[in-house]
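Here is a brief report on selected local features of one protein model. Please read it with the structure open.

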Amino acid sequence: MNQIINPDTYSELLAEWREIRDLEAIAAVLDWDQATYMPDGAAEGRGRQLALLSELAHQRTASPRMAELLRACRGLEDREGLEGAVVRRARRKHERAARVPGELVHTLKRHTAETYVAWTRARPRDDFATLRPLLERTLELSRRLADAIGYVDHPLDALMDESDPGSTTASIAALFDGLRKELVPIVQRLADAPAPDDRFLHRSIAKEVQMALSRDVAVALGYDFSRGRVDLTHHPFMTRLGAGDVRITTRIREDDFTEAFFSTVHEVGHALYEQGIDPALDGTPLGEGASAGVHESQSRLWENFVARGEPFFRHWLPILRARMPGAFGDVELGAMHRAVNRVSRSLIRTDADEVTYNLHVMLRFDLERAMHEGELRIADLPDAWDERMQRDLGVRPDRLASGVLQDVHWFCAPIGGAFQGYTLGNLLAAQLYAEASRALPGLEDDLARGETTGLLVFLRERVHRHGAALEPDALIRQATGAPLGTDAFLAYVKRKYGAIYGVAL
Ligand code: ZN
């Protein structure tokens with residue numbers, strides 16, 4: 001028999017979460033401002049304000065009041081539908097937050113803020129010596145965080161449970177090891193083959209022309225500007241400030257067309273997900289993406305599977321030629337498709353093509369694993385990085401800024417739990433695109449006509465509207481008919497790049 005629940009108690013739980021969500025949204029506005037328009041002089045005050053808001057949200061999530069409401073709503077937890085899902089996710093977030101002492105949250109926040117500032121100064125000077133003691137402290141605090149949250153097998157399990165629930169160090173390692181064995185020889189074959197000519201992508205295009213194009217591509221893909229906006233930043237991102245306000249940012253280089261174009265499409269992919277979440281979930285613990293991996297699947301699907309595909313440029317290349325005749329007037333479809341899919345042994349993850357990209361991610365995941373296991377000391381991290389780059393990608397960083405110091409992650413947050421999501425996203429994007437191609441037989445013809453509504457409706461139905469109501473594994477199974485694997489991604493890479501490079505993979 002179902003326990004009798006006072007309907008007021010569930011309403012109070014929702015009201016409590018509405019306020020936690022609002023605190024998070026207020027912090028997100030300040031974060032967005034910091035990354036776009038804030039004057040440099042505001043940095044110190046802004047850091048303090050953001051730390052205060054994150055502490056307030058943590059306190060509210062971990063509070064005795066929340067524990068009491070969850071106890072009173074326990075009878076709802078096994079129910080199907082919205083109420084059960086809300087209570088389950090609320091409990092999960094509460095229990096996680098309650099296990100982490102406020103003092104540790106505060107210490108981590110202050111330490112990582114200090115480390116971030118040190119990193120922005122040390123990176124251009126390739127100065128690892130200054131960062132080393134800070135990173136050692138970050139690792140120590142990350143271990144304390146993992147211990148506080150708790151885990152059975154591996155400290156990274158505790159850290160990745162928040163970003164990619166259901167994944168474990170062992171499950172990710174097994175998935176990645178299989179992928180790496182296949183990818184390393186593919187990269188070797190492609191990187192040794194004659195590379196497509198992509199020099200025309202570096203012809204100069206005025207910033208205003210590129211920004212106008214970014215806006216038009218966003219609209220064409222279904223991004224709703226009445227509930228969003230696009231601005232410029234250093235490192236593009238998407239942020240949700242509520243169901244009615246999902247913003248994107250982009251970055252323009254006059255001498256690199258791909259920068260703004262593909263960054264915008266990538267962030268639009270994230271934004272379409274957030275704009276497509278059922279409005280009824282807004283303000284609840286379910287009003288967000290299911291996981292980092294599922295989120296990245298949406299950005300990568302639009303960026304790589306759609307916008308780096310030949311059908312997409314059948315529609316867009318004539319538009320580019322008309323708007324940017326100096327850059328694209330003499331460029332043919334095949335040349336464009338090959339150029340935007342050039343594979344190279346690159347040093348920087350964020351610039352990497354879709355074939356080599358996952359090798360960059362696996363390197364970071366394996367180093368994090370070794371650091372947490374005590375097998376790799378921070379002092380040895382730069383060498384370990386360089387050796388692995390040499391082994392997997394066949395290149396060695398010429399300086400630390402293009403090696404171990406390139407990514408912000410270890411310098412602004414705990415070490416561990418973030419990188420795996422990028423590769424999970426690439427794998428899921430492949431699986432979703434294969435399923436979309438089955439469900440929508442005219443998909444590529446539609447894309448060639450600039451028609452993307454069918455694909456968006458498919459993603460809305462299978463992924464977006466659910467928000468975090470389904471756990472990632474359940475979401476992936478219902479959306480693609482199978483658990484997450486590497487087959488769809490490897491088949492896609494072999495087919496696409498075999499054709500572009502004229503080699504059998
Ligand atoms: Zn992304």
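## Surroundings of Arg349

In this predicted model, Arg349 touches Tyr357, His360, Val361, Arg364, Gln406, Asp407, His409, Phe419 and Tyr422, leaving aside residues up to four places away in sequence. Arg349 itself is found in a loop. That loop runs between α14 (333–339) and α15 (357–372).

Is Arg349 buried or exposed? Its relative accessible area is 4%. Buried means under 20%, so Arg349 counts as buried.

## The zinc site

Which residues supply the protein donors of the zinc ion? They are His266 and His270, each through NE2, and Glu296 through OE. These donors lie 2.1 to 2.3 Å from the zinc ion. Along the sequence, the donor residues follow the spacing H-x3-H-x25-E. The pair His266 and Glu296 links distant parts of the chain, 30 residues apart. His266 sits in helix α10 (residues 257–275). Glu296 sits in helix α11 (residues 292–306).

His266 has 11% relative accessibility, so it counts as buried. Glu296 has 7% and therefore counts as buried too.

## Arg74 and its loop

Arg74 lies in the loop between α3 (64–72) and α4 (82–99). Its relative accessibility is 45%.

How far apart are the C-alpha atoms of Arg74 and Arg88? They are separated by 8.9 Å. Along the chain, Arg74 and Arg88 are 14 residues apart.

## Packing of α2 and α4

Two packed helices are described by the angle between their axes and the distance between the axes. For helix α2 (residues 43–62) and α4, the axes come within 8 Å. They cross at roughly 115°. That angle makes α2 roughly perpendicular to α4. The crossing of α2 past α4 is left-handed.

Which residues make the contact? From α2 come His58, Thr61 and Ala62. From α4 come Lys93, His94, Ala97 and Ala98. By type, the residues of this contact divide into 3 nonpolar, 3 polar and 1 charged.

Methods: Residues numbered from 1 in each chain as written. Predicted model: local features only at pLDDT ≥ 70, side-chain atom pairs only at ≥ 80, totals over all residues. Heavy atoms only, no water. Donors = N, O, S within 2.8 Å, 3.2 Å for Na, K, Ca; no water. Helix = DSSP H or I, 4+ residues; strand = E, 2+ residues; numbered from the N terminus. Buried < 20%, exposed > 50% of the residue type's maximum accessible area, 1.4 Å probe, protein only. Contact = heavy atoms within 4.5 Å. Axes fitted to C-alpha atoms, helices over the stretch in contact; angles between N-to-C directions. Parallel < 35°, antiparallel > 145°, perpendicular 65-115°, else oblique. Left-handed = near helix turned anticlockwise from the far one by under 90°. Nonpolar A, V, L, I, M, F, W, Y, C, P; charged D, E, K, R; others polar.
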